[in-house]
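Visitor: I am new to this structure and would like to learn how to read its features. Could you take me through them in order?

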Amino acid sequence: MYGYSGKILHVDLTNRKTWTETKPEEWYKIYIGGVSMASRLCWENIEPGCDPLSPENPICIANGIFAGTPVPVGGKYGIACKSPLTGFIGDSLSGSWFTTAFKRAGWDGFVIHGASDEWIYVFIDDNHVEFRDAKDLMGLDTFATEEAIREEMGDDQVRAAVIGPAGENKVRFANVTNDGRQAGRTGHGAVWGSKKLKALAVRGTSGVTVADPETLLKLSFDIVDAAQGPDTQKYRILGTVSNVLNMNRIGLLPTRNYQQGVFEDAELVSGEHLHDHHKVKVMACAQCPIACEQYSRAIDGPYAGAMTGIEYESLYANSSNLGIGTMETAIKLIDIEDECGMDSMSAGVTISWAMESFEKGVLTKEDFKCAKYPEGFEPAFGNDEAAVTLAEMIRDREGIGDILAQGTKRAAAQIDEERGTESWKWAMQIKGLELPGYDARALKTFALGLAAGTRGGCHNRSAAYDPDIKGETNRFTVDETRGKVARESEEYAAVYDTLPLCKFIRRSFTGRADRAGAWPAIAKLINATTGWDFEYEDIDLIGERAHTIKKAFNIREGWTREDDHLPWRWQHEPLKEGASAGYVVTDEELEYLKDIYYEAKGWTKEGLIPKEKLVELGMDDVAEEIGV
Amino acid sequence: MPTSTSKYQYVTCDATKCVGCQLCEYICSYTKTGEFNTYRSRIRTVRAEEVLVTAVTCRTCEDAPCVIACPRDALTQDSLTGLIRIDAGRCDGCTWCIEACDFGAISINPESKLAEICDQCTDEEDGPQCVKWCPKEALELTTPDRRAQHQRRKLAVEEVLGHR
Amino acid sequence: MQVQIEFLGLARLATGERELSFMVEEGTTYRDLVGLLAEKYPQMIGHVIRPDRATLQEPNIFNLNARRMIQAKQMDESIHADDRIILMSMSAGG
């Protein structure tokens, strides 16, 4: 088999044992890699119904089909577990050198079972596995942990996926970090923390071979060349942060916990401003010829010197959404989140919930007592120092940080129960996952995509904001086409998340990002790597299968139609200002959208999956368990 | 510290342009071995800090110290091109050459335990493959003189004309 | 007639301009506007504006009055007096 070693490594942290599982080629043809394979491994290895922070929740990591080769942007891996935030599938992607090292070590995936009784890290040295004491790594931030491991091993080529202090403290939205990139969302870091797993280090010294290297190189070279052209310019020069002003203009920039859609200081926290004043260097992941990571530094003020990669989703959550119009503070917040290893989106949206709760009197100054401010403090929107202190308190689980570290859904539930309040109305989450940087009150196809998403409030899995914002669909209304649009959009995204290939390359195959433009090129790359005979329809299937295995996982964990919901604010409080003012998504609209979406997917009215559909997709065992 | 002469070419990396994609390492190892393996690459990236990354390969030093250090005379230097040639029959993997090289540009094949070094892809029609592939044009086959000229020109344009 | 044009993203970076008033003739279409902008700001050609000087390089797109994106197939529509047109670089995710 080319493109794969055929081997999955199982590691049992409880008993300190390892074993190898081999999978047949047919299995790889269905699940491929990335989020699909990781979710499938999770389906196979989890104890259904378990607590996500228990030993029964496995950590499942799946490599990429193109990892370790020159295929551009193919250096990514998928990771899945049951999410401590949502209780449903928590699938994430990360990239860069960890992926390529693990490919060269000869593994297609890892499944980590159980829990250790002491803090350890696992070192996979080609086909030899060691359980190593992590006591010298405890408390180190993400970058420092990786460097310490490399120092201990004496080898730069040892790469590691690690958790920082947030993961050690089981902050529910803690992430897993490697090489400056993150498997950011759904709380993987907390799961690793619950297993006392500080890091997973890999060294891989074998070569990677492919079925048809000459063809693969020719295809890759052309894509590398095209990736320097105008189709990737926005990523290379500005980065995704250009969306701050875009969203502000159309009136949908999340501001002050999604209370407004226009931020008066948007210019000061815009991508253009970042580019002009703060940019230090643009970096790339392994195998990436685009390079989109805009490393930026805070220049003056109390946070001068803070530096990290800034992206749109991190930026809105830590600036306009907090009423903060100072780029320095936004950079500082994102830097804290990156260093301690927590999801910058969930952190920002949780802090904004706390700020609104304070402004509405649900929380008071005294609730914010901490070592730095023994009398407490007043985290009104726009209070930079309060935001920074809250991020630190969450990381350390100090004072109210302990409650905030549970995420907005649980924090609001706890406070409301204790105090008889209604702060759940402004907990901006779907299924427990905090919302992304697009207010969907006037992006109605996207609202459907978010509500029905398997991961929760996730823009990446749905991607339906694209047709809404671009005007391909009328974002202010709903109609009978939206079910199909939402389905096609999420299955398109799922293809990239499964191979994986970074979506930023999608226009560099032929200049057209749609399926007709991208699928034939992707099929050629797959065939040159593996020797298979994939065609257009097979690529379509990759996306449908990926989405279906995740949906099946959720159904088995107790998902029902009611779980596909929208935040109260988006259903009851229209925006008052800006180009998108005056809209909500009504219950009627939402139920209608769900109906046509389930229909478009070929599911039942309850959103369950017919047996025949699962069998058609090659998932007979899944059909047995949850098919109807 | 010995330096390159003005007549020998070598592949150099501009750290301000390098983004750390490692494509050079994949293409070098493939060209030389048929496999994609950064351990077999004759050019190596190094990421020293979060935003400092660059690539290093043989600098074709004048009176190359690796040649002088080799106790078995397994290394010779071409007087016209400065390229280092390794006689696999004589090399025994003692790694004195690695000690001698100030740039870390010579490596040991982990399987054969013999020294390996950049040969600027003299048997490829389009020259060094890493230079051909680098997406950011950070790699260049150049001489010290040309590098210095380039830096002076860059300085003049930036400082005197104020362009970036 | 007068229209307001705002530059965001790559257009702003290329030209250094944020906002300008533009005088155009009645019946000017969005496609015509691309040509007029190409003439005034030739540095945008190949980056924001395609070499044909009649279409925008993706992902750059016109937005009308913050409500409507002007799609490729709508580029032959006419502009109206006092329209506020934003030239933005749309981005997905991140």
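Predicted model: local features only at pLDDT ≥ 70, side-chain atom pairs only at ≥ 80, totals over all residues.

Visitor: What does the radius of gyration say about chain A?

Guide: The value is read against the one for a compact globule, which for 628 residues would be near 25 Å. Chain A has 23 Å, which agrees. Of the contacts in chain A with a separation of 6 or more, 68% are between residues 24 or more positions apart.

Visitor: Which chains share the most contacts?

Guide: Two pairs of chains are in contact, and chains A and B share the most contacts. Chain B and chain C do not touch, and their nearest C-alpha atoms are 13 Å apart.

Visitor: How is the size of an interface given?

Guide: It is often stated as the accessible area lost when the parts come together. Between chain A and chain B, the buried area is about 3000 Å², with 59% of it from carbon and sulfur atoms. In this interface 41 residues of chain A are in contact with 27 residues of chain B.

Visitor: What is found between chain C and chain A?

Guide: These two chains bury about 2700 Å² between them, and 52% of that is on carbon and sulfur atoms. The contact takes 26 residues from chain C and 37 residues from chain A. There are 14 residue pairs in polar contact between chain C and chain A, both residues at pLDDT 80 or more. Helix 1 (9-15), strand 3 (60-64) and strand 5 (84-89) of chain C each give two or more residues to the side of chain C that touches chain A. Helix 1 of chain C gives the largest share, four residues. This side of chain C divides into eleven nonpolar, ten polar and five charged residues.

Visitor: How many salt bridges cross the interface of chain C and chain A?

Guide: The general idea is that side chains of opposite charge can pair when their charged atoms come close. Here the rule finds four salt bridges across the interface. Glu267(A) and Arg18(C) form a salt bridge, at 3.4 Å from N to O.

Visitor: Which salt bridge links distant parts of the chain?

Guide: Over all chains the count is 67 salt bridges. One of them joins the side chains of Glu168(A) and Lys198(A), at 2.5 Å from N to O. Glu168(A) is in helix 5 (residues 165-168) of chain A and Lys198(A) in strand 12 (residues 197-203) of chain A, 30 residues apart. Glu168(A) is buried at 15% relative accessible area, and Lys198(A) is buried at 0%.

Visitor: Are Asp466(A) and Lys470(A) buried or partly exposed?

Guide: Asp466(A) is partly exposed, at 24% relative accessibility, whereas Lys470(A) is buried, at 14% relative accessible area. Their salt bridge has its closest N and O atoms 3.1 Å apart. The two residues are four apart in helix 19 (residues 465-470) of chain A, so about one helical turn separates them.

Visitor: What does Arg569(A) touch?

Guide: Arg569(A) lies in helix 23 (residues 568-572) of chain A and is buried, with a relative accessible area of 2%. Its side chain has a polar contact of 2.9 Å with that of Glu573(A). Leaving out residues up to four places away in sequence, Arg569(A) touches several residues, including Tyr258(A), Trp426(A) and Arg441(A). Arg441(A) in turn forms a salt bridge with Asp439(A), with the closest N and O atoms 2.6 Å apart.

Key
Residues numbered from 1 in each chain as written. Chains lettered and ligands numbered in written order. Heavy atoms only, no water. Contact = heavy atoms within 4.5 Å. Buried area = accessible area lost by both parts, 1.4 Å probe. Rg over C-alpha atoms; globule rule 2.2 N^0.38 Å. Polar contact = N/O pair within 3.5 Å; in protein donor to acceptor, adjacent residues only side chain to side chain. Nonpolar A, V, L, I, M, F, W, Y, C, P; charged D, E, K, R; others polar. Buried < 20%, exposed > 50% of the residue type's maximum accessible area, 1.4 Å probe, protein only.
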